[in-house]
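Trainee: Could we go through this one together? I'd like to start with the aromatic rings and then move on to the cavities.

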Amino acid sequence: MKKRHIKEFVKDKRVMLLIILIMVSIASISVLGIQQGLDLKGGSLIQLKLEEPVDTETMNIVTNVLDKRLNLFGVQDVKVRPGGDQNVIIEMAGVSPEEVERLIGSPGKFEARIGNETAPVALTGADIQSVSMYEITDTQWMVPFQVTPSGAQKFAEMAKGLGGEKVYMFLDGNLIDKNPPQLSEELATGKPAVELSITGGGANVEEAQEQANQVYTVLKTGSLPVQISITGASTVSPELGDQFLNGAVIAGLLAILVITGMIFIRYRKAILALPIVITCVSEVVIVMGIASIIQWNIDLAAIAGLIASVGTGVDDQIIITDEVLVKQVSGEKNKKRRLTRVRMSVKNALFIILASAGTLIAAMLPLAYVGFARGASGIGTLAGFAFTTIIGVLVGVLITRPAYAKFVEVFLK
């Protein structure tokens, strides 16, 4: 290929767009990294079920509260997503389900009663305006908080004249402290106070720390509007995730070698085999770059979708090559006529590819829609496969395959 042909190829808009996207993708992967799915980095997946179907607004409240609780509790890489109108899926990296079950398995309903356990409710979680960090002294702990003016007024009215009475505080119907604190005389004067606190104690420092953290986290994030229950949990070890990732990388490298060998055997020209492989690698880089930008999880299902899209890409590039080579006029001396025929062949090949891609995307869309709408774990996995396949096919049809077509067009000059 002559230098002027190389310049013509590089200056083509489709090729320039491909180069720019590859550079942006590499930069995005380097800076933002790639979000690995649960089956690659290890962790836990918990399925929750609400006591009844809820609307979108209530579901958003549930997912936001759960996400805040887990983040405040120190869980890293947590993802909470709705699974329809009655299910919630939680993915956590490096955490066992038992460690967070007590936080996400209860609504977090707070109540305070003065005098006895059956007295009228003097304070609820809805009256709490803000929560300060807990304090621990030996085995005793305290969680300071502020209440709203209306909450302070209600508490003052019910506490008036009850100095020395015990204050029973409940979380989801369970008594927080077996030895309830006494109401101070200052709070029993009937004067509203916005600065209050919850106290308790544990058998040791560790238990006190755990109790204080739980109460602080629940009060800080608010209560859930509905009762929830854990219906399923699964754990993937990081070691097993590393094995999956290494296996996927090895499989990808082997696939590239096999594709290179098969193409070389078919055309007997390395100048055709190498660009096809480079195009496939470019598709993978761009798709991974898109996943990095939109924070899309790359798991085994996504890798399978990526392989499927790259496989269709190889087929499409072979169609382009065959369409041009077969219809090329042997010995054609009219350069203009020959170039026109080559371009017509490329257009025919791209039309075939576009129709094929449209059919594949149409087949994947229902699977992606069902997975995203319903969000069950198995269906959600298939949705990841469908979404990654669609992204890969779109990248191929709109970017990489037209660039390869330009290469073939220039090469056959």
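This is a predicted model: local features need pLDDT of at least 70, side-chain atom pairs count only at pLDDT 80 or more; totals for chains, interfaces and linings use all residues.

Trainee: How many aromatic pairs does the count come to?

Mentor: The count comes to 2 aromatic pairs. One of them joins Phe110 and Phe145, whose ring centres are 6.4 Å apart with the planes at 75°, so this pair is edge-to-face.

Trainee: Which strands do Phe110 and Phe145 lie in?

Mentor: Phe110 belongs to strand β4 (residues 110-114) and Phe145 to strand β8 (residues 140-147), so the pair ties together parts that lie 35 residues apart in sequence.

Trainee: Are Phe110 and Phe145 buried or exposed?

Mentor: Phe110 is buried, because its relative accessibility is 3%, and Phe145 is buried as well, at 2%.

Trainee: And what about Tyr134 and Tyr216?

Mentor: Their ring centres are 5.9 Å apart and their planes stand at 70°, so that pair is also edge-to-face. Tyr134 sits in the loop between β6 (128-131) and β7 (135-137), while Tyr216 is in helix α7 (residues 205-221), 82 residues apart. Tyr134 counts as buried at 16% relative accessibility, and Tyr216 is buried with a relative accessible area of 8%.

Trainee: Which residues line the largest cavity?

Mentor: Its lining includes Val287, Trp296, Phe387 and Thr388. Helix α9 (270-294) and α12 (377-411) each supply at least two lining residues, with α9 giving the most, 4 residues. By type, the lining divides into 8 nonpolar residues, 1 polar and no charged.

Terms used
Residues are numbered from 1 along each chain as its sequence is written. Side-chain values use heavy atoms; hydrogens and water are left out. Rings of Phe, Tyr and Trp (its six-membered ring) pair if their centres lie within 6.5 Å; planes under 30 degrees apart count as stacked, over 60 as edge-to-face and the rest as tilted. Buried means under 20% relative accessible area, exposed over 50%, partly exposed in between (1.4 Å probe, protein chains only). On a 1 Å grid over the protein atoms alone, a cavity is a set of points where a 1.4 Å probe fits but cannot get out, and a pocket is an open set with protein on both sides within 12 Å along at least five of seven lines; lining residues have an atom within 4 Å of a point. Ala, Val, Leu, Ile, Met, Phe, Trp, Tyr, Cys and Pro count as nonpolar, Asp, Glu, Lys and Arg as charged, and the others, Gly among them, as polar.
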